[in-house]
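Let's take a friendly walk through a protein model. Have a look at the picture first, and then we'll go through it piece by piece.

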Amino acid sequence: GSVRRVRAVPMQTSSVRAEIDESCETLIWITTGIFLISIFLSILRPEPTLAVCLFGFYGAHTHSKGAVRAFWVYLLVSVLIDALWLYQYSALQPFTWEQMQQMTRREQVAVALTAVNVLYKLVVVGVSVRLQMLLGAFEAAELQGDRPGDTSAAGGTSNGGRAASGSLAAQDASAKV
């Protein structure tokens with residue numbers, strides 16, 4: 001009985017690891033799109049999203065649960081800022097088709113890019129929350145010793161937690177050993 005359980009656990013953590021890798025890749029691709037749209041938006045209006053995207057890139061590359069959490073929380077704040085801009089400061093006042101047609105091309109582009117970026121942000125928030133949960137489950141499995149031989153060189157993160165085995169902190173720790 002225990003032989004089956006020992007074999008099943010690594011398969012389970014390897015499937016979680018595969019989900020983490022897939023979620024990180026998805027997060028990076030969508031965040032890259034948000035980043036590129038935000039570059040163009042920053043020409044047309046104040047845009048704080050560029051700095052927020054750095055949390056997403058860092059969290060995905062280092063498998064940092066804290067950075068991923070900060071990313072989606074700050075991204076939700078930027079969605080609120082976008083909604084406020086659309087409602088209060090954009091040329092789309094009142095919110096009608098006729099008003100949209102009367103706006104300059106530059107104003108139309110700013111409104112359209114903001115709307116597209118908000119949709120991408122909401123999608124990546126879902127991906128980020130899922131990734132945060134996966135990283136938490138993986139860390140819990142590591143702390144319970146479900147990853148034999150892999151936890152000794154795990155290293156630590158800047159906030160004192162254990163680094164995921166594929167993170168840069170873990171690679172640094174294993175290089176020092």
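## The overall plan

In what order do the elements of the protein chain run, from the N terminus on? The answer is α-α-α-α-α-α. Keep in mind as you read that this is a predicted model.

The tally of secondary structure in the protein chain is six helices and zero strands. The protein chain has 177 residues, and 37% of them are buried.

## Helix α2

Let's start with α2, which covers residues 49-62.

Now for the inside. The buried residues of α2 are T49, V52, C53, G56, F57, G59, A60 and T62. If you write those numbers out, here's a handy idea to keep beside them: an α-helix has 3.6 residues a turn, so residues three or four places apart point the same way.

G59, which sits in helix α2, has a relative accessible area of 0%, so it counts as buried.

Which residue comes just after α2 with a positive phi? That's H63, with a phi of about 55 degrees. H63 has this positive phi although it is not a glycine.

H63 lies in the loop between α2 and α3. Is H63 buried or exposed? Its relative accessibility is 10%, and the cut-off for buried is under 20%, so H63 counts as buried.

## How α2 and α3 pack

Now we can compare directions. Two packed helices are described by the angle between their axes and the distance between the axes. For α2 and α3, the angle is about 155 degrees and the axes are 8 Å apart.

Angles over 145 degrees count as roughly antiparallel, and therefore α2 and α3 are roughly antiparallel to each other. Their crossing is left-handed.

## How α3 and α5 pack

Next comes another pair: helix α3 (residues 65-89) and helix α5 (residues 105-143). Their axes come within 8 Å and cross at roughly 160 degrees. That makes α3 and α5 roughly antiparallel to each other too, because the angle is over 145 degrees.

Which way does α3 pass α5, left-handed or right-handed? The crossing is left-handed. What classes of residue form the contact of α3 with α5? There are 17 nonpolar, five polar and five charged residues.

## A closer look at α5

α5 has 39 residues, so at 1.5 Å a residue it should span 57 Å; its end C-alpha atoms are 55 Å apart, which agrees.

Within helix α5 you'll find Q108. Q108 has a relative accessible area of 17%, so it counts as buried. The side chain of Q108 makes a polar contact with the side chain of R105, at 2.9 Å.

What follows α5? There you'll meet G145, whose phi is positive, near 80 degrees.

Definitions and conventions. Residues are numbered from 1 along each chain as its sequence is written. This is a predicted model: local features need pLDDT of at least 70, side-chain atom pairs count only at pLDDT 80 or more; totals for chains, interfaces and linings use all residues. Side-chain values use heavy atoms; hydrogens and water are left out. Axes are lines fitted to C-alpha atoms, for helices over the stretch in contact, and angles run from 0 to 180 degrees between N-to-C directions. Helices (H or I, at least four residues) and strands (E, at least two) are DSSP runs, numbered from the N terminus. Angles under 35 degrees count as roughly parallel, over 145 as roughly antiparallel, 65 to 115 as roughly perpendicular and the rest as oblique. A crossing is left-handed if the near helix is turned anticlockwise from the far one by less than a right angle, and right-handed if clockwise. Ala, Val, Leu, Ile, Met, Phe, Trp, Tyr, Cys and Pro count as nonpolar, Asp, Glu, Lys and Arg as charged, and the others, Gly among them, as polar. The expected span of a helix is 1.5 Å times one less than its number of residues. Buried means under 20% relative accessible area, exposed over 50%, partly exposed in between (1.4 Å probe, protein chains only). A polar contact is a pair of N or O atoms within 3.5 Å; within protein, one must be able to donate a hydrogen and the other to accept it, and residues adjacent in sequence count only if both atoms are side-chain atoms.
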